[in-house]
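This report looks at how the chains of one assembly touch and pair. Read it with the sequence and structure in view.

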Number of protein chains: 6
Amino acid sequence: MYFHRQELQFTSSPSKPDAVFARKLQEVLGGQYGEITVAMQYSFQAWNAHIPGKYRDLLFGIAAEEMGHVEMLATMIAQLLEKAPLGITGDAVQDDPTVAAVIGGMDVQHAIVAGAGARPVDSNGNPWSGSYITASGNMLADFTSNANAEMQGRLQVARLYHMTDDHGVRDLLSFLLARDTMHQNQWMAAAAELRAEGHEDFPVPSNFPLKKEAREHSYEYLNFSDGKAAAEGAWASGPTPDGKGEFSYSDGPTSSVPMPPPTHPDARYYGTTDVPNRVEKIAGTVQDMLNKE
Amino acid sequence: MYFHRQELQFTSSPSKPDAVFARKLQEVLGGQYGEITVAMQYSFQAWNAHIPGKYRDLLFGIAAEEMGHVEMLATMIAQLLEKAPLGITGDAVQDDPTVAAVIGGMDVQHAIVAGAGARPVDSNGNPWSGSYITASGNMLADFTSNANAEMQGRLQVARLYHMTDDHGVRDLLSFLLARDTMHQNQWMAAAAELRAEGHEDFPVPSNFPLKKEAREHSYEYLNFSDGKAAAEGAWASGPTPDGKGEFSYSDGPTSSVPMPPPTHPDARYYGTTDVPNRVEKIAGTVQDMLNKE
Amino acid sequence: MYFHRQELQFTSSPSKPDAVFARKLQEVLGGQYGEITVAMQYSFQAWNAHIPGKYRDLLFGIAAEEMGHVEMLATMIAQLLEKAPLGITGDAVQDDPTVAAVIGGMDVQHAIVAGAGARPVDSNGNPWSGSYITASGNMLADFTSNANAEMQGRLQVARLYHMTDDHGVRDLLSFLLARDTMHQNQWMAAAAELRAEGHEDFPVPSNFPLKKEAREHSYEYLNFSDGKAAAEGAWASGPTPDGKGEFSYSDGPTSSVPMPPPTHPDARYYGTTDVPNRVEKIAGTVQDMLNKE
Amino acid sequence: MYFHRQELQFTSSPSKPDAVFARKLQEVLGGQYGEITVAMQYSFQAWNAHIPGKYRDLLFGIAAEEMGHVEMLATMIAQLLEKAPLGITGDAVQDDPTVAAVIGGMDVQHAIVAGAGARPVDSNGNPWSGSYITASGNMLADFTSNANAEMQGRLQVARLYHMTDDHGVRDLLSFLLARDTMHQNQWMAAAAELRAEGHEDFPVPSNFPLKKEAREHSYEYLNFSDGKAAAEGAWASGPTPDGKGEFSYSDGPTSSVPMPPPTHPDARYYGTTDVPNRVEKIAGTVQDMLNKE
Amino acid sequence: MYFHRQELQFTSSPSKPDAVFARKLQEVLGGQYGEITVAMQYSFQAWNAHIPGKYRDLLFGIAAEEMGHVEMLATMIAQLLEKAPLGITGDAVQDDPTVAAVIGGMDVQHAIVAGAGARPVDSNGNPWSGSYITASGNMLADFTSNANAEMQGRLQVARLYHMTDDHGVRDLLSFLLARDTMHQNQWMAAAAELRAEGHEDFPVPSNFPLKKEAREHSYEYLNFSDGKAAAEGAWASGPTPDGKGEFSYSDGPTSSVPMPPPTHPDARYYGTTDVPNRVEKIAGTVQDMLNKE
Amino acid sequence: MYFHRQELQFTSSPSKPDAVFARKLQEVLGGQYGEITVAMQYSFQAWNAHIPGKYRDLLFGIAAEEMGHVEMLATMIAQLLEKAPLGITGDAVQDDPTVAAVIGGMDVQHAIVAGAGARPVDSNGNPWSGSYITASGNMLADFTSNANAEMQGRLQVARLYHMTDDHGVRDLLSFLLARDTMHQNQWMAAAAELRAEGHEDFPVPSNFPLKKEAREHSYEYLNFSDGKAAAEGAWASGPTPDGKGEFSYSDGPTSSVPMPPPTHPDARYYGTTDVPNRVEKIAGTVQDMLNKE
């Protein structure tokens, strides 16, 4: 169960209206790595968790915080739009080129659809999608996904910080940067603990039977481009991070087979095949089939 | 530039037709974490790379291999569909319940749209989407995303392995498992090398000015659920993985502010406000505005 | 801010596994009118509200309850999947036709992607989309949207009730039916109160200046099909619900104008136009333009 | 069957080109609540209707009118684009800031893809989606959906009216406002008639057996936020709109159960569980299973 | 303007219920090449046409017919669903394996969402999308797109014909096959006429200035795969179909340049670059920038 | 298998940064008819081909070239973004209206998400979708689709050519125009060869049994609009392009049937039907059914 309190975690009021920045903020609200994504991702991971205790509590504990971050951003966006100009008139643009930037750069659905409110979309107006989230049931894989989500998210917030000089907005962003710092650290710590406690190991899944895997290909770097420098990396020689092998390097594939012959499906799919005079022949075949039905 | 060779990296022919498994294989071809995703993700990361040398060569080198994996799966799917039954007739189902399973479980677009061929979709028929990929320009974030993609991918291949007893299909899956083992190790090694060489560090981005971040919130675990076990984790006390702080634990938020007052946008958005008799008043205001235009 | 409590509002455990019904339940979790939709819709309406007080409190109060309903459904789905069969083998299907139904009717991504967990998708596997929700800033319009959402939702739950005989599942559905009854009533009551208090009226928006509307077309039923019975309805004669007019009936349009002439955009769009020998002429024109550049 | 006549229902020609407004008009052509939506929604409701007569005739009669509105908007958009500038040159922008607004604010696909023509997309370029429409077979629910669609649509047209001062465009919008007034009234009248005639009642579906519903929760307002004002509304006490109960108010839930224990699916999903030393144990289990296959 | 008549162009009633085939028919109603696509595609081409007369009349004339085909399919689907079983019970499946096929193979949203009605989706439940259609303003390109759409559509209808033995359904399909035959012929004839009359020619657009094109690459076949047989085709030697050149054949590219150096965007994007000790350096740079703001 | 070489097929460097044009170029990289589309479309057609030899070799040969074009465009876009301004400040816009155009007209995700890199999206930011491609197994249909794709693609490139005066960009576009010229010619030649060799004929599929088609409707133009000029076209009289019939012209349909009666599905779908006092009656029926369960 979820309970709501009519407070925000941090100050969230802009110094002045800025419809263009309101659009940009949508990215970290409703984009691929926005707050809706992490709120939903951690929630589904918690609901699909197979063990009680600290890992599931962690997921529940952060998921609810992220819902509050969605709220902080939505509130900020509505305030940035509150006094923004309604639309275009030729005269206004002639007088002030800033108006032209706003006209062009704002999310017009903020005005037409939401009446100066936030929306569940990214900065290009793509609606948030359930396909953004990851919840596999395997916590080592999912915590790695979470670490990535927090990295991408903090990167985007840092970029946005440099795109405004509004102190109110920057205050909110500096808070979100701090929480993303925490959450990156936390998922890294949690992934390490999973391994330390023997719950999961690497590569994921770590308990798939070794002899069912084509192990001769498990640690070889196969270079399918013509850049030579990839041979210099830590992935081309030496022990592997999973502690189970040695990296090798090969310029191109070490195995290959001829492509299998093309398929010949049922004639009633009317695919193109190599039967001479096939048009007439297939028509005959299909006719026979139809006559029998 | 890309060059194609009409060979496959590994044997890819099934023992018998299986339209239902063909549908399931679509997940690792065209799903969120399928081969199209990694092929495109590594390509875009390479094209957007800001440094020449081993990291970019690595991206190019693996991206092209993954395109070949798309091809292996597409070839296998076409073969699994080659002799599959066309559709439904009442009699056939009465005679053999397996037909019922096929009718229900296959991807009907395999038959209707592709004429027994592979498609750029996942196992539920959702078309592959450009929103599945990540390419931010920051390699530590992106390599973490890559590690996750290979983890999720190997997990799905392992599950699929247990959903078939066809030796031909299992051979292909055992090869893909091996390559996913390699690629998980490789991205882990590459992420470590980025840090060792001073290119990137953690948290991402590592060079955002510390004093612009609300550091007092950077290492505190805030528990927004009522599970108490989260306090026992490595993320609730002790040094942080980035080496810059100490985790603390708090039951709930350590800061809060009242929600700012609701916004009052321009009356011409016709939002609901608290002006008494607002219907008449706003009509008057808008009328005045229109009269002036 | 949101806080989570590790309890559910109502009993939610099935009597037996049922992967097919788990898929069907996804509709009311992640479909167009599922619980994610109402949770997000009421949240955005609250965040975009322009007045404090009872209407906004109502939105916040229900939004958080609906997040809990998402959780109840996700929990139930995970339980329905817990002991469900992993996949297909020919023998199993021959022995038991129920297996064939499960193979065909389950959401295969439940197994391959989520490892027997719930997902943010509908019953056909389409990911939840931000385009499902409505939050316009005008409360009378939005509360009508909310009433519709609860109607569609209760209708779907009622249908699902008849598709299972599992008492545990039915208990959950009977609870959801009750809450949908409440929420339908509530939005109807809230819409009526908005009008009674003079905040909004009908048609929405009620304060657009009358003289700017083509009022001669505001109350006429124009019949563009050849069914005659539409003339018998309450919408074809008598006073209008908004109390401002009288319905009239007309068989077809009461106004029409000739279609304006086709457009002739810039030749550099290379659209097809009616200039004789246009291929050569346009090539010349474009060449001239290019020469000048 | 549908027949087309090469006339429009109302004057639709702009006074001057305006590529930015052309983009904005796309919202009411191809957006969530645009004319394609209502044309398709009423059509599918008619095709799925279960009774002949006035309600179905009404649906057919309005659906065809709405297809004509799609046409009027498409025609207008093409005219707004007809003489609009092709693209950008630095000099032009320096001379006239209006050009900058156009460059930024137009839908660039209008130029690149459609050659100065209308498109089946919304004002942010999202393609129209079949997921926008509602057709459930239950007319009271669907007519409520229709009323909402006309409310949202008229609200958007009213907003657009204030974003242009072109008299030709405003004439078209004033006509659409009038038709939306009619259609709002009509769906309200039709919904009332359905109830008056005993076809449907409220809550939807009205004939689900009462004793199968958890009636003790059917009329209680449960406040999951901390705003106290929701208790003052008509939804917190007094008779309910469906005439079957009395509203009650409760601060928080009136029922709750502990969350059920986490699920433990088949080991071959490789989810994270709490078995000590699980990595080794599961590997053994899976190996046994594989050996038996 | 569009007018509707309550008749169908052809008999459309099935002999018996078939929920699985109802799902399959959705492909040609709401799929990529279904009837909604052609109805909308021809409509937008007509609205965006730049010349009056026979070509635009043709587009309007066929577009309206295709809307009627949408209606015929929707009507048929509703009838196929009319008596189909509601859902699943264990007993029913045990008694009759056909039920298992229906459970698995039907579109469950037909039941849950539409109450046994048609939907604007394809046979996998993907909603129809505005991105399916093509309307460029260039009629030769668009008529080629139309010819393809009718080819793909007729191919799908032919496949569906073999997936049912219901005479009522087959009658409808035989009619649709005939109309697709007509429309394929028609668009081929119309494309030829456009060229014969000098409106358009080939390659599209035919009037782009030749000297602005890198003509040395306009007729060379460059073989980027290692199959040798492509050299035997009509595209590898001899005159080109546009009558303006001679095909040549080359094994691989005839031109190449080194990849340009990687980009170095602004440091405030925090991309990974090759500056030694970049983490510290960039932090300093960004700090300086921030201090100046 | 695919191999990558770190070269480009043609010079691809702009003279100056241009973030607005970078956005526009995304259309031909990741749009409906961009290079990702043709690369994937030709690949899937090759993988699903049913005959070895020249046609399949052709598909493989071009598919790989198109992947290289994706790379050329991605590289160019990254360069156009390299020195583009980061975002907005009020002062900058006041000083230089060009900045306003850039602010408004750029793809903001280029900056926020990709850090000045290319993305797999179109010029409005819609992610590339697997639903863009066509691969049916029937080569005549698919080669017609390919010809259309190259026509639309070349048309878009030609339009883009006129939207920039940057010589570096224009050089790349002139190369792409040349390759599109080649590919249009090639698919036309290949389609002709398929017919000449008896592999396929027209209408597609050409071997569906004639007597199963309602041949009386196969060559009649039915005019569903009121424009009379369509009767003047080559599609209204004379021999048909498939050589099998004569076109005829009819003003409106030549056949019609009454719409079948509305369907009456199971009462447990709670659709609206015409039973008098249905609310009570259906409640009783459903109650009986439930009692029996």
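Two strands pair if DSSP finds at least two bridges between them. Strands (E, at least two residues) and helices (H or I, at least four residues) are DSSP runs, numbered from the N terminus. This is a predicted model, in which local features need pLDDT of at least 70, side-chain atom pairs count only at pLDDT 80 or more, and totals for chains, interfaces and linings use all residues. Residues are numbered from 1 along each chain as its sequence is written, while chains are lettered from A and ligands numbered from 1 in the order in which they are written.

**Chains C and D**

Strand β2 (residues 7–8) of chain C and β6(D) pair in the antiparallel sense, over two bridges. Within β6(D), V257(D) is the bridge partner of L8(C).

Two residues are in contact if their C-beta atoms, placed from the backbone, lie within 7 Å. By that rule, 100 residues of chain D are in contact with 100 residues of chain C. On the side of chain D that touches chain C, the elements that each supply at least two residues include α3 (54–82), α7 (139–161) and β6 (257–258) of chain D. The largest share of this side, 15 residues, comes from α8(D).

**Chains A and C**

The contact between these chains takes 41 residues from chain A and 41 residues from chain C. On the side of chain A that touches chain C, two or more residues come from each of β1 (2–4), β2 (7–8), α2 (35–47) and α3 (54–82) of chain A. Here α3(A) gives the largest share, nine residues.

β1(A) pairs with strand β1 (residues 2–4) of chain C in the antiparallel sense, over three bridges. In β1(C), Y2(C) stands opposite H4(A).

The table sorts the residues of two contact sides. Ala, Val, Leu, Ile, Met, Phe, Trp, Tyr, Cys and Pro count as nonpolar, Asp, Glu, Lys and Arg as charged, and the others, Gly among them, as polar.

| Side | Make-up |
|---|---|
| Chain D, touching chain C | 46 nonpolar, 37 polar and 17 charged residues |
| Chain A, touching chain C | 23 nonpolar, 15 polar and three charged residues |

The same surface serves both copies, as 100% of the contact residues of chain A recur in chain C.
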